[in-house]
Amino acid sequence: MAKKNFKELFDPKESKWGGISLPMFLCALIVVAIVVYVPFGLDKEGNPGSFLRPNFLIMFSALAVFGLLFGEIGDRIPIWNDYIGGGTILVFFMAAVFGTYNLVPENFMKAVNVFYGKQPVNFLEMFIPALIVGSVLTVDRKTLIKSISGYIPLIIIGVIGASAGGIAVGLIFGKSPIDVMMNYVLPIMGGGTGAGAVPMSEIWASKTGRPASEWFAFAISILSIANVFAILCGALLKKLGEAKPNLTGNGELIVDNSKEAIRDKEVDVKPELTDTTAAFILTGVLFMVAHILGEVWESFEIGFDLHRLVFLILLTMFLNIANLVPDRIKAGAKRMQTFFSKHTIWILMAAVGFTTDVKEIAKAAAPSNILIALAIVLGAVGFIMLVARTMKFYPVEAAITAGLCMANRGGAGDVAVLGAADRMELMSFAQIASRIGGAMMLVLGSVMFSFFVS
């Protein structure tokens, strides 16, 4: 894939602004600026009004234009794109700057709060379930079944190693083990941003009653730091494999790579629009069932809550393993997931960013946090490499997939880590780590937040 460059953004014939040509994008940018910034009339309270009408479509489009502006730029900044997080992280940080320093009007900020999550009907209520169902449902079922007994224990060992490393260094800086687990290990090992840190922040918010952005601001910052270390470790593990050939399978994960080895297989059905619609409806129905189960669970007063997203994950895993969903709907779910994860993530990051205090992000770059993040990444890698041989996995490949692909920023992080390690053929295992491993961390987060957050 050709590397993105700035020159193509200014070519009037190119459609690099989210599929929109430069002239059309500039027109959209001007319209959004007029709607957001130009005063017009008075509002109901007698204050200066504007053209902004805070309905879903207008806010979706305004945030999309903001996201495209900084997202396309961020994806083309050298080093930033390769190691920090590219357009996704730049959109988040720029939105945080605009919100913190009052660079947008107050009425716009209020509309963002409604869009992002100040009421039950908001964008997150579509984004997160679509991502979870699309991710878990489209893992090949045979791979999923085999991974539960073989590969998933390896992921768990990586999480234990990450926890041990983070807690050990955290204690040096006076941080409690619970603090390290909830605010460092969970976001770093949670499977990325969209399917990890975002839904985890919602679980945290549901337990505390405080804004999700409060937890997310630190989580996304510490995750970005860990993402850099994960990519660098991928490159170092590649060098280690070259120096110590007995530690690597040169792209093969399983030592005895027989016919029983796990292979991923994408559903080779081209979905129609009706299949994607069916997948979206299925997602809504599953979310309703998950909500019912969550309410029933809470009524039992067992002692800790399981968030409805946890039940959504378990329901989707069951449907996949039992092979109850037709391939066409699975293909539609994949298309649905792609739409939300690739084409609306900048919209979500803009919304989250506007509700985040950038001063809190700056605090996360403290030396202590950097060292704890490094310890978490190295702890996951170290523990996995120690046990990989006994579990019939090559240590280098096991550490890359079950360790580093848990500790990065999700799908894009997987690509970056595997690219740095020159192990792109391991993408199927990386996806299991990000999807299923991330889902496991959501379950752990739900339990921990129930016990230790007030």
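Biologist: In which loop is Thr138 found?

Modeller: This is a predicted model, in which local features need pLDDT of at least 70 and side-chain atom pairs count only at pLDDT 80 or more, while totals for chains, interfaces and linings use all residues. Residues are numbered from 1 along each chain as its sequence is written, and side-chain values use heavy atoms, with hydrogens and water left out. Helices are DSSP runs (H or I, at least four residues), as are strands (E, at least two), and they are numbered from the N terminus. Thr138 is found in the loop between α6 (124–137) and α7 (141–149).

Biologist: Is Thr138 buried or exposed?

Modeller: The classes rest on relative accessible area: buried is under 20%, exposed is over 50%, and partly exposed lies in between (1.4 Å probe, protein chains only). With a relative accessible area of 5%, Thr138 is therefore buried.

Biologist: Which backbone oxygen does the side chain of Thr138 reach?

Modeller: Contact here means heavy atoms within 4.5 Å. Not counting residues up to four places away in sequence, Thr138 touches Asn320, Lys330, Ala333, Lys334, Gln337 and Arg435. At 2.4 Å, its side chain also reaches the backbone oxygen of Gly134.

Biologist: With which side chain does that of Asp75 make a polar contact?

Modeller: Asp75 has its place in the loop between α2 (56–74) and α3 (80–84), and its relative accessible area of 16% means that Asp75 is buried. Apart from neighbours within four places in sequence, Asp75 is in contact with Lys4, Asn81, Gly86, Gly87 and Trp346. A polar contact is a pair of N or O atoms within 3.5 Å; within protein, one must be able to donate a hydrogen and the other to accept it, and residues adjacent in sequence count only if both atoms are side-chain atoms. At 3.2 Å, the partner of the Asp75 side chain is the side chain of Lys4.

Biologist: How far does α2 reach from its first C-alpha to its last?

Modeller: The expected span of a helix is 1.5 Å times one less than its number of residues. For the 19 residues of α2 the expected value is 27 Å, and the helix comes close to it, reaching 26 Å.

Biologist: Against which helices do the buried residues of α2 pack?

Modeller: The buried residues of α2 include Met59, Leu63, Phe66, Phe70 and Glu72. The buried residues of this helix pack against α1 (22–37), α3, α4 (86–100), α5 (106–116) and α15 (345–354).

Biologist: Which residues does Val36 touch, not counting residues up to four places away in sequence?

Modeller: Val36 lies in helix α1 and, at 6% relative accessibility, counts as buried. Beyond its sequence neighbours up to four places away, Val36 touches Pro105 and Phe108.

Biologist: How far apart are the end C-alpha atoms of helix α14?

Modeller: Helix α14 (residues 327–343) has 17 residues, and so at 1.5 Å a residue it should span 24 Å. Among its buried residues are Lys330, Ala333 and Gln337.

Biologist: How far apart in space are Leu324 and Ala350, C-alpha to C-alpha?

Modeller: Leu324 is found in the loop between α13 (308–321) and α14, and its 53% relative accessibility means that Leu324 counts as exposed. Leu324 and Ala350 are 26 residues apart in sequence, and their C-alpha to C-alpha distance is 37 Å.

Biologist: What is the phi of Asn250?

Modeller: Most residues other than glycine have a negative phi. Asn250 is found in the loop between α11 (212–243) and α12 (273–299) and is exposed, with a relative accessible area of 63%. Its phi is positive, near 50°.

Biologist: What is the phi of Lys392?

Modeller: Lys392 has its place in the loop between α17 (367–387) and α18, and at 59% relative accessibility it counts as exposed. Although Lys392 is not a glycine, its phi is positive, at about 65°.

Biologist: At what angle do helix α8 and helix α18 pack?

Modeller: Axes are lines fitted to C-alpha atoms, for helices over the stretch in contact, and angles run from 0 to 180 degrees between N-to-C directions. The axes of α8 (residues 151–172) and α18 (residues 395–404) are 9 Å apart, and the packing angle is about 75°.

Biologist: How are α8 and α18 placed relative to each other?

Modeller: Angles under 35 degrees count as roughly parallel, over 145 as roughly antiparallel, 65 to 115 as roughly perpendicular and the rest as oblique. On this scale α8 and α18 are therefore roughly perpendicular.
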